[in-house]
Structure formats: structure tokens, C-alpha cells
Amino acid sequence: MADITPPAYRSIPVIPKLIPGAMEGKGPFIASDKINEALGFTGHLPDDWHDKAIAKMGDLLTRFRSLRVYMDACVHCGACSDKCHYFIGTQDPKNMPVARQDLMRSVYRRYFTLPGKLFPKLVGARDLTREVLDEWHNYFHQCSECRRCSVFCPYGIDTAEVTMAAREILQSVGMGQKYSLEILGKVHKIGNNLGLPAPALKDTLEGLEEDVKDATGIDVLFPMDVKGAEVLLITPSADFFAEPHIDSLIGYAKVFHATGTSWTLSSMSSEAGNFGMFIGNYDQLRQAALRIRQAALELGVKRIVVGECGHAWRVAYSFWNTLTGVGDGADANDRFAQMLQKQLDHRYKQPAHICEFTWDMIQDERLEFDKSANDNLIVTFHDSCNVARGSRMGDYPGGQFDIPRNIIRTVANNYVDMDPSTTHERTFCCGGGGGLLTDDLMNVRVKGALPRMEMFQQVTDTQKVNFMACICAICKTQFSKVMPVYGFDRRMVGGVHQLVSNAIVLGKNK
């Protein structure tokens, strides 16, 4: 990444000067025919692409009333303009949320409103041309669907839904994104984003058991496909091999071990991440989620716990109930959803986040920690977008903010929050979410990380912070990659359960 220069920090965060066209042509690779067709999408741009794209837009407007509301409600007040990390970092005016929405809104007006049909120029309506389609592919893949702009919108317009709709329209005419569609293909075929087959996963887990035994002298198990286990852990596949992710997986295992909780991973459904949300396709979202239901039924587990992955938790918290029958709202006509409802133990939250599980164990005094094990660290916490703005933890609003911080304070003596205007529901995205965690978008990712790096620099300068904890696999990967560009050591980012792993006292079950 030597050719990518990070934007300069701003001494006072202000709206950046505009650089029109700064990010033109910076979009991602288009999926090949093979990748598209494997998922049931059009493999190439068909001759009748225009009619198909407009038909797909009409279908989405009919099925999702919210999308039509978002198309009609915007008054261009500008409240969202400077809230997007990609606009702040790139200075391209088309990365303002309102301007990015208008790439679709202008086409919507042309084909789905009377003024746009009769007087297109007067209402800012425009035809859907091939150039417009390319513009969509470029700029709708410079949005991480983080929804920060929606926090500030007086009308509650959700830019993420607009982005998802645009991406689904692109997919319908063979212009889907290579990275996201390739990952979905691996999930459907093998069961995880990496395409890691069961024998390789088993070898990885056995290696972890040996590593933990060498480090602690204790046999901490990493079980796979154990029928009758109490807990099925569904975690991002990066936890199996990547750094610093793997340290959090070790932390989960130590928590289960220390509390005497039987648990298991599933070889056929080892992936928590669900890229169906990123591409805006409900069928793909459901197909990936159903693998988890199948694993839970086959293994006979009583609880489902989700590891540290932001968008995985959003999908689990917000969609699993209707997609799979986990939680409330199972379809009465879905026999397998009803079977799962009867099988799960409803004394516990279904599903639960690993932070909820660990915090419950801490409150029940079933875990013991030596906080001094983390005394070499001064810790801050990055609120991941999909946890902060798309889900919840605990039994009250804001639990998703308190619980991870409570855990950190329990296992570490030194904790500092970043600027409150950039935390909790106002948190900035890491810059790599929403299907953007691919090297062909590295320029966008580095620039999109600017606001969070500014705030991290602030606490490193004033509070000597040297570690940023996250509960999202994408955040960990993104920051590990872009931190060195901003002059930080990549080891300054890690998971909450990495800190838990450092401090937990093993050797006895409670």
C-alpha cells in the first residue's frame, strides 16, 4: 500500500473541501459470469439490461414501502452531508449520503413519478443509461451501510437500504460485486466465508488446543460437531486463523471451560457472517442463515451464541427470528422453525451474543480474573456500526454500549473512551464494512478510516492509549490493515475476548 497516502488529520473536524470526481473509477471488481450464475444471478450484462433494471427497481419499491418513502422524503437539508466517513476521507461530493442516494433517486423520479415522466429536467430526473449504471457500481460500493447518516437525518432516511436496493438492481443485470458474491458462494458450498473444509477446520482447532495447553498447562477444548452440547457457537471464520481474531476465539473457549459449559462448533455451518445483508438480497440472506438452523437441529443444542462479528450480530438479532425461527416470530407453517423453537432453552436469550454470555457469567460470579495481566495496555473501545445502530444487547436500550465496556473494565485496569461525539450510536465506521473489505477497494478503505484514526490518535496522544478493542471481525481486519498506513502498530487492535483471554483465571469450574 505504499502508493496510498492517508488523508491529513484535521485539527478541528470540519466539512472538507469538495473534490468533484475524486473517487470516480475507484469501485470494486465485477463478479464473473461463473460467480454470478452460481448464485442464480445474471452472468453478464444482457441486451435488455435497462428494462430488467427498471423492473427490479419497481419490484423493490413495491415490496419495500420504506424504499419508496426514502425516495420521496428527502428535502436535501444537508444534515447528513458531513456525517459519512467516506465523504470526509475522499472529499468526493458524490459520497455525501444525500448525493449518493440521489444517484438512485434521480432515476426513480424519471420512471416512477408523474413529474419525472412529463418534465424530467425540472425535477432532477434522468434516464438510466450505461454511464449511470457504472456510476452506481462505483459509488454504491463506497458505502458501508453503517447508517451513521440516518442517526442525523431528521426524516430517518436509511441510506443503507438505498445502497442495498441499488446493489440488488446491479446484481439483477450481471453487475454484482466480485468480493461479496464470491464469499456467499463459499458459504453455500462449504459453510464459511473462507471456503475452509471440515478437515482443515478440525486441524486448526486441534492446533489451538495444543497452543493453549502449552501456554496454560490446561486442556481447553475446541470441540466440533459434538451432538448434545449445550451451546452452538457461531463465529466469524476469521476467528479460526487470522490475527488478532484468533485470540478472541481462545477467549470464548476459556470462558466456556471456566464455567463448565459444554459447547461446539459446526463444520457444515461454521460461519456467523452473512453477506446476504450487504448485497441486499433477502433470499441469499435466508439461505445462509438456514445452514445455522440445520446445524442447530442436527446437533441438538439448547443455546445459540454468536461470536465477535458486527454484521453477524445484526443479522442474528434482527433477522434470524423470521429467517430461521431462532427467537420470537417463528412461522407457524415452518415445521423446522417450530422444531427449533421446541428444542432451544427459552430460559436464555435466543440467540445470545458472546458478550452477553460472558457478562452474565461475570455477574453470576462464575469467572475469576487477574486484571493485572492487561496492565501493559491502556484500552479504548470502538463501537462497531451494526452492533451500535442495528441491534442491541441485554434487556434495555443501550446494552450494546454498556456490556462490552463493562467486560473490559472487569478484565483491565486501564480504560479510556474516545470522543463521545464518535462513540455509541454516533460511532464512525471502521471504513471496511458493508462488503468493502477487499483489496480492490483499499484506496476507499484507507480514506474511510480517517475519522476513527483521528479520534484514536487523540486518545493515544492525550491518554497514552495503546490498544483499541472491537467486537467485529471486519473492524479487526480493517484496522489491522490500515493502522500501519496511519503510523500505528497493527497489534494495537484486537477483540474484547482477547482481553478476557489474557486475564481469565483457569483451573477450576464454578
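Here are a few friendly questions and answers about the predicted model above.

Author: Residues are numbered from 1 along each chain as its sequence is written. In this predicted model, local features need pLDDT of at least 70 and side-chain atom pairs count only at pLDDT 80 or more, while totals for chains, interfaces and linings use all residues, and side-chain values use heavy atoms, with hydrogens and water left out.

Reader: What is the volume of the largest pocket?
Author: A pocket is an open set of points on a 1 Å grid over the protein atoms alone, where a 1.4 Å probe fits, with protein on both sides within 12 Å along at least five of seven lines; lining residues have an atom within 4 Å of a point. A volume is the space filled by probe spheres set on points joined across faces, edges and corners. For the largest pocket, that comes to about 660 Å³.

Reader: Which helices each supply at least two residues of its lining?
Author: The lining has 31 residues, and Y179, I183, L194, L437 and T477 lie nearest the pocket's centre. Helices here are DSSP runs (H or I, at least four residues), and strands are E runs of at least two, numbered from the N terminus. The helices you want are α10 (178-189) and α23 (473-482).

Reader: Which residue does a cis peptide bond join to Q350?
Author: The bond has an omega of about -5°.

Reader: What is the phi of E145?
Author: E145 lies in the loop between α7 (130-139) and α8 (148-152). Although E145 is not a glycine, its phi is positive, at about 55°.
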